[in-house]
Protein chains: 2
Amino acid sequence: HQGITFNFSHFRLERILNSNTSTKLVSLLGHFTDLSEEKWAVVILEKKPFTEDDLTSKGLFSVKTTVIYPATQKHIDKYSKQEVHIVQETQELYQEVTLKHIEREQFSLEWLYNILEHKKEKERIIFEDPCEETGFILLPDLKWDNKNPETLYCLALVRKHGIKSLRDLNSNHLPLLRNILTKGVAAIEEKYAVGRSQLRIYLHYQPSFYHLHVHFTYLKHDAPGIYCEKSHLLDTVISNIELMPDYYQRATLSFVVRENDRLWDDFRGDSRKAIKHD
Amino acid sequence: HQGITFNFSHFRLERILNSNTSTKLVSLLGHFTDLSEEKWAVVILEKKPFTEDDLTSKGLFSVKTTVIYPATQKHIDKYSKQEVHIVQETQELYQEVTLKHIEREQFSLEWLYNILEHKKEKERIIFEDPCEETGFILLPDLKWDNKNPETLYCLALVRKHGIKSLRDLNSNHLPLLRNILTKGVAAIEEKYAVGRSQLRIYLHYQPSFYHLHVHFTYLKHDAPGIYCEKSHLLDTVISNIELMPDYYQRATLSFVVRENDRLWDDFRGDSRKAIKHD
């Protein structure tokens with residue numbers, strides 16, 4: 001800017017305009033008193049990414065530090081950089097690849113049935129609708145402190161067993177989906193004073209466990225996995241099924257898979273076969 | 001962990017597992033030599049968000065600093081925290097509220113027509129298909145340095161005028177959409193060696209300008225606006241129109257609007273009217 005030198009010892013802070021705790025960025029409004037009392041300055045500060053120099057033991061104390069010890073290979077994989085791929089899952093690929101993967105892995109849902117049956121975490125329940133067909137339990141996600149509305153994250157677990165994911169949904173489930181939307185929003189509004197227009201309400205595909213559940217997060221909160229290749233708004237899901245009762249049995253759904261996940265090998269193997277058939 | 005004290009002066013780094021330059025987080029693998037040479041430790045370091053103390057002038061030099069001076073009200077608004085709301089736009093609300101808003105604002109597309117006509121930015125074109133019906137121009141987004149594939153961001157601008165957004169798309173546009181997908185992917189693969197399975201290919205709704213365009217970003221790059229309430233995968237758009245030619249004239253689409261945007265007032269006004277009509 002025309003060669004002006006900014007001397008921060010003359011910066012007088014008027015107010016903090018914004019602070020992003022995820023990217024560690026703040027924007028400030030103020031004056032440079034040596035330049036002008038009348039002209040505003042916006043100053044944007046952002047913490048720098050780590051460099052090799054920061055990784056000396058001295059630097060470790062000025063940052064938030066978490067230690068996993070002893071660490072297993074699973075821990076190492078979890079925190080390592082991983083290649084990811086996006087795949088386009090047709091209904092045929094769902095039947096032949098994804099569904100077989102889910103059945104083979106036999107993910108345990110014991111922990112979840114314990115919650116539904118009040119054997120575990122009963123004290124954490126925010127709201128419960130006991131109906132066996134359209135009922136659900138709403139509770140704070142474990143990633144949330146259950147306090148700060150700016151990072152609000154709740155989960156609705158449906159009571160009915162056997163609905164694995166989005167792919168199983170059809171018009172029979174519309175009463176269930178509408179019930180979760182209406183009563184979930186009302187419960188969160190009542191308990192946390194966050195209204196519907198400030199909530200992101202969505203399902204993951206693929207989900208992290210194969211029993212239907214719906215995520216409620218604060219709209220401005222960058223919760224993990226809210227990207228378009230992973231998350232499907234509940235309003236969109238309801239609209240799709242209203243337009244076409246078997247939408248989720250016919251649509252091509254994209255999702256992301258990690259390179260070291262067996263599902264990625266299965267998808268590649270299958271597409272190689274598909275190419276051979278041509 | 002069972003009361004172990006970790007002494008970082010004894011931490012020996014084996015390798016950096018991952019580094020996130022957006023959230024300023026690194027994960028490290030190593031040993032605590034005072035504890036065991038055989039047991040691995042994963043150490044996760046994350047820069048802390050700004051505190052009041054950081055905002056002294058001394059702290060300003062250890063972080064990335066940007067100054068806007070003199071700052072206008074527009075600058076101040078841009079960097080201020082803003083309330084946002086999610087709205088559910090039925091086809092009726094599109095016609096009565098959103099479309100009227102677009103027509104009223106009369107956003108200028110002169111800069112874009114200049115690109116399409118080779119009057120501006122011709123040297124930035126990565127690929128061009130000159131067909132008037134299904135053609136497009138692919139160029140790097142201005143937010144990208146056009147070098148680092150880890151932050152790849154390209155835009156496809158369709159040659160055909162008059163397609164404002166997703167809402168205008170129907171089965172007549174399938175050849176155009178498939179052409180962008182196929183030739184856009186091929187051009188990026190050839191020039192940047194990034195394949196289809198590592199690309200997020202999507203449209204924004206609402207878009208930032210009302211002339212159809214498609215975003216191509218590196219899948220692992222947290223590009224702005226890739227959230228499920230804003231972005232629609234091109235594969236999903238094509239699948240939806242294949243399932244139902246007038247899908248985008250019938251579906252309820254959700255999107256986010258800023259509280260100080262006139263469109264938010266219009267939506268609220270309209271829903272108040274809608275309530276009165278009941």
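Let's start at one residue, B:His211. Leaving aside neighbours within four places in sequence, B:His211 is in contact with B:Leu109, B:Leu112, B:Tyr113, B:Leu116, B:Val158, B:Arg159, B:Lys160, B:His161, B:Ile163 and B:Lys164. Keep in mind that this is a predicted model. Where does B:His211 sit? In the loop between strand 9 and strand 10 of chain B. Is B:His211 buried or exposed? Buried, with a relative accessible area of 1%.

The structure holds 22 aromatic pairs over all chains. One of the edge-to-face pairs is B:Tyr205 with B:Phe255, at 5.6 Å centre to centre and 85 degrees between the planes. B:Tyr205 and B:Phe255 are both buried.

Now chain A. A:Tyr247 and A:Tyr248 also make an edge-to-face pair. Their ring centres are 4.7 Å apart, with 70 degrees between the planes. A:Tyr247 is buried at 4% relative accessible area. A:Tyr248 is buried as well, at 1%. Then there is a cluster. A:Phe6, A:Phe8, A:Phe11 and A:Phe32 form one aromatic cluster.

Next, the domains. Chain A is divided in two: domain 1 covers 8-79, and domain 2 covers 84-269. Over C-alpha atoms, the centres of these two domains of chain A are separated by 34 Å.

One residue to look at here is A:Leu234. It is found in helix 5 (residues 234-243) of chain A. Relative accessibility is 0%, so A:Leu234 counts as buried. What does A:Leu234 contact, beyond its neighbours within four places in sequence? A:Leu177, A:Ile180, A:Leu181, A:Ile201, A:Tyr202, A:Leu203 and A:Val214.

On to the two copies. How does chain A lie on chain B? A turn of 180 degrees and a shift of 0.2 Å along the axis do it, with an RMSD of 0.4 Å. That is the relation of a two-fold axis. As for the interface, 100% of the interface residues of chain A are also interface residues in chain B, so the copies meet through the same surface.

The charged end of A:Lys47 sits over the ring of B:Phe50, 4.9 Å from its centre. The charged end of B:Lys47 sits over the ring of A:Phe50, 4.9 Å from its centre.

B:Cys228 is in no disulfide either. The nearest cysteine sulfur to B:Cys228 is that of A:Cys228, 8.4 Å away. B:Cys228 counts as buried, at 7% relative accessibility.

That's the tour. Happy to go back to any of these sites.

Terms used
Residues numbered from 1 in each chain as written. Chains lettered and ligands numbered in written order. Predicted model: local features only at pLDDT ≥ 70, side-chain atom pairs only at ≥ 80, totals over all residues. Heavy atoms only, no water. Disulfide = S-S within 2.5 Å. Buried < 20%, exposed > 50% of the residue type's maximum accessible area, 1.4 Å probe, protein only. Least-squares fit on C-alpha atoms with pLDDT ≥ 70 in both. Contact = heavy atoms within 4.5 Å. Phe/Tyr/Trp six-rings, centres within 6.5 Å; stacked < 30°, edge-to-face > 60°. Lys NZ or Arg CZ within 6 Å of the ring centre and 35° of its normal. Domains from an automatic or database assignment. Helix = DSSP H or I, 4+ residues; strand = E, 2+ residues; numbered from the N terminus.
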